[in-house]
Every structure is written in C-alpha cells, then in structure tokens.
Amino acid sequence: MTTATPLSPPGLAARVLAGYGDRVVLHDLYDEAGVPVYHDLAATDTSEIRELLRVARGGTGPVLELAAGSGRLTLPLLALGREVTALELKEGMLDLLRERLATLPAGARARCAPVRGDMSAFDLGRTYGLVVLGTTSVSLLDDAGRAGLLASVRAHLRPGGTFLLSTVDRAADAGAEADLDFEVRGASGRHYRMIEHWPPGAPSRGVTILPPEREAAAADRIEVLTTSIRVLAAQRLERELAAAGLPVVARHTLPASGPRHVDVLIEAEAA
C-alpha cells in the first residue's frame, strides 16, 4: 500500500504538537496507522446510512460502491439483498472489509465483490442501477480526479440510474474562528481529540487527530493523524454533475457531522 507523507498540521494543532516535542509521531489519516481510527470514527455516523438506504430501497439491481473503505455502507447495502461491488484503493481498508464480510452469512458474502481500484479512473466492464460514494470521499479528489470520477460513473450507470454522493458545507452560523478543538468518541468507546483548522472561505480544512490531553500528557509516544480535506460546496458539485450528464434530482440535508458542518447527500440521475 502506498504511504502518503503526513502533513504538518497548521494553526492551533501545530502549537499543541510543538508542546509535546519529540514524543509526537505523525501519520497520514488514510495510511495503515490511520485505518483503524478512521474506521472507528466513521462507524459512529449513521445518519448518512439511513438516508442513503431510503433512496436505495426504491431501486433494483446491482450496486457499485466507490471508496468503500472498511464497509460502513457496504454491509447495510448487502442487508437490502442487493449485489454490491465494493471498490477501494487502499489495501488496508479492503482487508478490514474482508474481515467484516467473513462474519456474514454465506449468501450475503457471495453478493459482495471487493475490488481494488481508483475511483477517479475505473473500468469494471458492466453497468449498475445505483452508484454510491459516501462519507464525503469526493473531497479527496482534485479537479482532474473529480472529472475522471464523473466520467467513470456515467459510463457505469444504466440509463435512468442513480448516483448518490455526499459532501460537507460550512454552516451559516459557523463563526469566524479558524481553529476548533473538541473531543469525539469512536464506536469502540475510545476518545480522540480533534483539532480542525478551517478559516472561512478556505479551499480546504486541516484535521488533526490525537489522544485526549489527559492521555497525551502521560504518553512516551504520541501517535498523531493528519489530513487536509478539500471543501466542495454542494452547489459546485451539482454544477459539475450536470456538466457530466448527471443532473441532480434531489438534495438531502443530513444531521451535522461536526460543530460547524452541514452534511448534504446529493442524488443525481444518468441523463
């Protein structure tokens, strides 16, 4: 698996880590060290899953899930009785997905095909009635990557098929502070300190995840995860979708995933 270079965190996170000195070990959130933490945090958010399944129940046929990760959406889609192709770039994530699939009944396992691939350029040789890209994963792609994604999705959707993808808008009452420091709890019960650097109008937001201060103060080694996430407003994505032959037919506002976020699930249709 390719290892990304960890980012040096900006703002408040940089000052906090400087106080811990050489005890800090930086990792990228999407590398091997970050996979278990990402999985733990993602598993706590069920609002997107409920809305996505509500839309998915109205269709039939096979589903293509992009950036499937460890199966946060894959397993609920399988529970609908659908056939699911789960495409994921990171081998570590696919390993977690296969472990979770191994716990399912044989019939459900047989309906899932994990595939290693890049969501910005893929050719699976078949079409689907539903393509899903959840967990705001579209923000991982730059302009060229999104163009490739949308072209690939359009080529794999049946006429009238649906593309569901989620993104994050900044809440109107988010305030002007660039840094936000708060604690979150994963599905495992483990607590994490999360520092978000998101100046108003910035094209990306930096996220730093580390142990809570009470744990870090006593630790000889402090594992820190960092990433930079592009800010892609729903309106911008809707314009890009329409230009790619995927006009938007509905927008579903979801409960916020953070103190100053508005999560949006976009529903587009193959023209």
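Two strands count as paired here if DSSP finds at least two bridges between them. Keep that in mind as we walk through this model, which is a predicted one.

Strand β8, residues 191-197, and strand β9, residues 204-210, run antiparallel and are joined by five bridges. If you want one spot to look at, find M194, which sits opposite I209 of β9. In general, the strands of a sheet pair through backbone hydrogen bonds, and they can do so in a parallel or an antiparallel way.

Now zoom out from that pair. β8 and β9 belong to an open sheet of five strands, and reading across it you get the order β1-β10-β9-β8-β7. The pairing in this sheet is mixed. At the edges are β1 (24-28) and β7 (179-185), each of which pairs on one side only. Going from one strand to the next, the twist averages 25°.

What lies across this sheet? Helix α2, residues 35-42, lies across β7, β8, β9 and β10 (222-230). Its direction is at about 90° to β8.

Stay with α2 for a moment, since it has a helical partner too. Two packed helices are described by the angle between their axes and the distance between the axes. For α2 and helix α5 (residues 91-101), the angle is about 55° and the axes are 10 Å apart. Angles of 65 to 115 degrees would count as roughly perpendicular and angles under 35 degrees as roughly parallel, so α2 and α5 come out as oblique to each other. The crossing of α2 past α5 is right-handed. On the α2 side, the contact is made by V35, Y38 and H39, while α5 brings G92, M93, L96 and R100. Sorted by class, the contact of α2 with α5 holds four nonpolar residues, two polar ones and one charged one.

P6 is partly exposed, as its relative accessible area is 28%. Again leaving out neighbours within four places in sequence, P6 is in contact with L26, H27, D28 and T226. For a sense of the span of the chain, compare P6 with A271: they are 265 residues apart along the chain, and their C-alpha atoms are separated by 40 Å.

Next, turn to another set of strands, built around β12 (residues 261-269). This strand is mostly covered, with seven of its nine residues buried. β12 runs antiparallel to strand β6 (residues 157-170), and nine bridges join the two. Within that pairing, V168 has D263 of β12 as its bridge partner. β12 also runs antiparallel to strand β11 (residues 248-254), this time with six bridges. Here V248 stands opposite A268 of β12.

Finally, a few loop residues deserve a look. A67 has a positive phi, near 50°, although it is a residue other than glycine. You'll find A67 in the loop between β2 (63-66) and α4 (74-79), and it counts as partly exposed because its relative accessibility is 23%. T136 also has a positive phi near 50° and is likewise a residue other than glycine. T136 lies in the loop between β5 (128-133) and α7 (143-156). At 17% relative accessibility, T136 counts as buried.

Which loop holds G125? G125 is in the loop between β4 (112-116) and β5. With a relative accessible area of 68%, G125 is exposed. From G125 to D142 is 17 residues in sequence and 25 Å in space, C-alpha to C-alpha.

Conventions
Residues numbered from 1 in each chain as written. Predicted model: local features only at pLDDT ≥ 70, side-chain atom pairs only at ≥ 80, totals over all residues. Heavy atoms only, no water. Helix = DSSP H or I, 4+ residues; strand = E, 2+ residues; numbered from the N terminus. Axes fitted to C-alpha atoms, helices over the stretch in contact; angles between N-to-C directions. Contact = heavy atoms within 4.5 Å. Buried < 20%, exposed > 50% of the residue type's maximum accessible area, 1.4 Å probe, protein only. Parallel < 35°, antiparallel > 145°, perpendicular 65-115°, else oblique. Left-handed = near helix turned anticlockwise from the far one by under 90°. Nonpolar A, V, L, I, M, F, W, Y, C, P; charged D, E, K, R; others polar.
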